[in-house]
Amino acid sequence: MQVSSAVRDPLVTGGKTVKDVSHDISRQVEGKPTQLWWMAMAISLALLGWGLYCVCILLWHGIGMWGLNKTVGWAWDITNFVWWVGIGHAGTLISAILLLFRQKWRMSINRAAEAMTIFAVICAASFPLMHMGRLWLGFYWALPLPNAFGSLWVNFNSPLLWDVFAISTYFTVSLVFWYMGLIPDFAVIRDRAVVQGNKVRAQVYNALSFGWQGGAKTWMRYESVALILAGLSTPLVLSVHTIVSMDFATSVIPGWHTTIFPPYFVAGAIFSGFAMVLTLLLVTRVVFKLEDYITIYHIELMNIIIIVTGSIVGIAYITELFISWYSGVEYEGYAFYNRVQGPYAWAYWSMMTCNVISPQLFWIKKIRMSIVSTFVLSIIVNIGMWFERFVIIVTSLHRDYVPSSWTQFHPTMYDIGEYLMTFGLFFTAFFLFAKFFPVINMAEVKSIIRSDSEKPSHEAH
Amino acid sequence: MDADKNFLVGVFDDEDAVLKGIREVREKGLKIQDVYSPFPVHGIDDALGLKKSRLPMAAFMFGMTGTSLALIMQIWMLGYDWPMIIGGKNFASLPPFIPVTFELTVLLAALGMVATFLIASDLKPYKWPRQFDIRSTDDKHVMAIDLAVNKGKSKDEIARIIKGAGASEVNEKNFE
């Protein structure tokens, strides 16, 4: 018995009933994978395989295989790490922050966005792990474990260590949040399998659903768990990118040593994350015929978030430039002059074009409502956000204090190979998720069918 | 007649029907075992007279455990067990310990609360639930009434009450 404004666009179109929701979403889990799916899977597995070969070579010979040098000690690896972590942030924003704000439009996109978060964080974590070189010893370097050196503990004053705790907590809590949402939906697939007489699928999905029944008391507790997890995830997601930005901000490198970094990184993360959600969902909704659940209205709302966060990022870029001049610090001023005018100016201006100018196109309603332009712009934003991290990391490092150390960074095949590896990993995981897990949260969408669904034509008044 | 074996199951078509149904059935003096729904129905806890969940309290306690463990660990490791001068700061200086403390608070609160939820709701991978009506995860709301608990009334009388409260069908369900 919810009251909703008649002016508001429906969140589910096509006159769907509660039963239709179960059917439309479970259908793709129950059917055989399509040829398109196999093709997409083959490409991602090929990327993953090639990337894993590059990882093996890297681990065998050491990180000298990368294009790093004495001056530029961080480049593609940390760029990719920050880029992937940032992408993950949209998933948590959609599922946690929009839940706290009671935004119902999150309901049909949160499942896929959270899956994206989890896979993106795995991809992100692979870069610092690879950068350790001998990553099997990494546990002793990164975690406070008793060891043979005394025990010599880890340094809790270091932002890199905070990162270890932040990323692993973020990954664990996101995974738990995502899985909690999946439990009732696995039960739907289980019960459909019982009706269809598929015993194996019923057993598998029953185990996945933890024997879910959906009693009133269980639902009540479940809702309270979801609310608290959202409340915990909200500061968590803000803390994660804040801490990632402190990897740079607490150093004394000109171009990194800035107090604006935490909010600027968080906004950038949400910006790039929404772009990636759009890239993925625009394809998913067509392939799985979910146009009635992920509507143009959803796409428009996400594009509006891209305008907001993109504008915050733009203001942050301009603030940085202003402060570097206003501070009167020679080194700071040079770092930014060099970004705009130096050998990496092409990267800086790519970043400015992709991140500051392109999202402003979404002010035009036609572009905001068009699937093709949204898709193109979402990819441009992701390219821009990769350049942002590259610009921050490499241009700040490549001009050291002593001009004799000045150098350029050139990626090798292994830098590129491992970046491609994470794409293979990400898409392999995402395609597996899309095939075997319900891509839309059925229970949540069912709960809004009565209030926010477009009524079938014979019921319309 | 043993308890928890023989049930009458009322099937309701939507959330408004089941909310109305629960109130009417309870007014007639019947005790409801549970109501199974495909999605959370708002107000069902009030209608059934369920007590508020204490999970927020559990989450808070687990969170506080995380806070204390994190602080004790960091202060002991860097302050007492192996003090190190880092950037000229105190051995056990609080501000740099906040990020890890915060993360462990969130981690323990989340994991502890979810584990409590799974245990309290008896959810586990190897359990096959007792299903009163298989459509309760699809689109029906299913009310289960234990005949042994409601001994005062006959089966037909109970069936009439459920039907009168708006159930689209009433079925018998017996478990071994």
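Biologist: What covers the buried residues of helix 5 of chain B?

Modeller: The cover includes strand 1 (6–12), helix 1, strand 3 and strand 4 of chain B. Keep in mind that this is a predicted model.

Biologist: Which residues of helix 5 are buried?

Modeller: In chain B, helix 5 spans residues 155–164, and its buried residues are Ile158(B), Ile161(B) and Ile162(B). Seen down the helix axis, the buried residues of helix 5 of chain B fall within an arc of 95 degrees, so they line one face. The general idea is helical spacing. An α-helix has 3.6 residues a turn, so residues three or four places apart point the same way.

Biologist: Which residues are exposed on the other side of helix 5 of chain B?

Modeller: Asp156(B), Glu157(B) and Gly164(B). After helix 5 of chain B comes Gly166(B), with a positive phi near 110 degrees.

Biologist: Which residues other than glycine have a positive phi?

Modeller: General idea first. Most residues other than glycine have a negative phi, and most peptide bonds are trans. Here, Arg102(A) has a phi near 55 degrees. Arg102(A) sits in the loop between helix 3 (76–100) and helix 4 (110–131) of chain A. Arg102(A) is exposed, having 7 other C-beta atoms within 10 Å. In chain B, Asp122(B) has a positive phi of about 55 degrees. Its loop runs between helix 4 and strand 3 (141–146) of chain B. Asp122(B) is partly exposed, with 13 other C-beta atoms within 10 Å.

Biologist: Where is a cis peptide bond?

Modeller: Between Gly150(A) and Ser151(A), with omega about -15 degrees. Ser151(A) belongs to the loop between helix 5 (138–142) and helix 6 (159–196) of chain A.

Biologist: How many residues of chain B are in contact with chain A?

Modeller: An interface is often sized by the accessible area lost when the parts come together. Contact counts are what we have here: 57 residues of chain B touch 52 residues of chain A. Helix 4 of chain B gives the most to its side, 15 residues. By class, that side of chain B has 38 nonpolar, 7 polar and 12 charged residues.

Definitions and conventions
Residues are numbered from 1 along each chain as its sequence is written. Chains are lettered from A and ligands numbered from 1 in the order in which they are written. This is a predicted model: local features need pLDDT of at least 70, side-chain atom pairs count only at pLDDT 80 or more; totals for chains, interfaces and linings use all residues. Two residues are in contact if their C-beta atoms, placed from the backbone, lie within 7 Å. Helices (H or I, at least four residues) and strands (E, at least two) are DSSP runs, numbered from the N terminus. Ala, Val, Leu, Ile, Met, Phe, Trp, Tyr, Cys and Pro count as nonpolar, Asp, Glu, Lys and Arg as charged, and the others, Gly among them, as polar. A residue is buried if 20 or more other C-beta atoms lie within 10 Å of its own, exposed if 12 or fewer, and partly exposed in between; C-beta atoms are placed from the backbone. The arc is that of the directions from the helix axis to the C-beta atoms.
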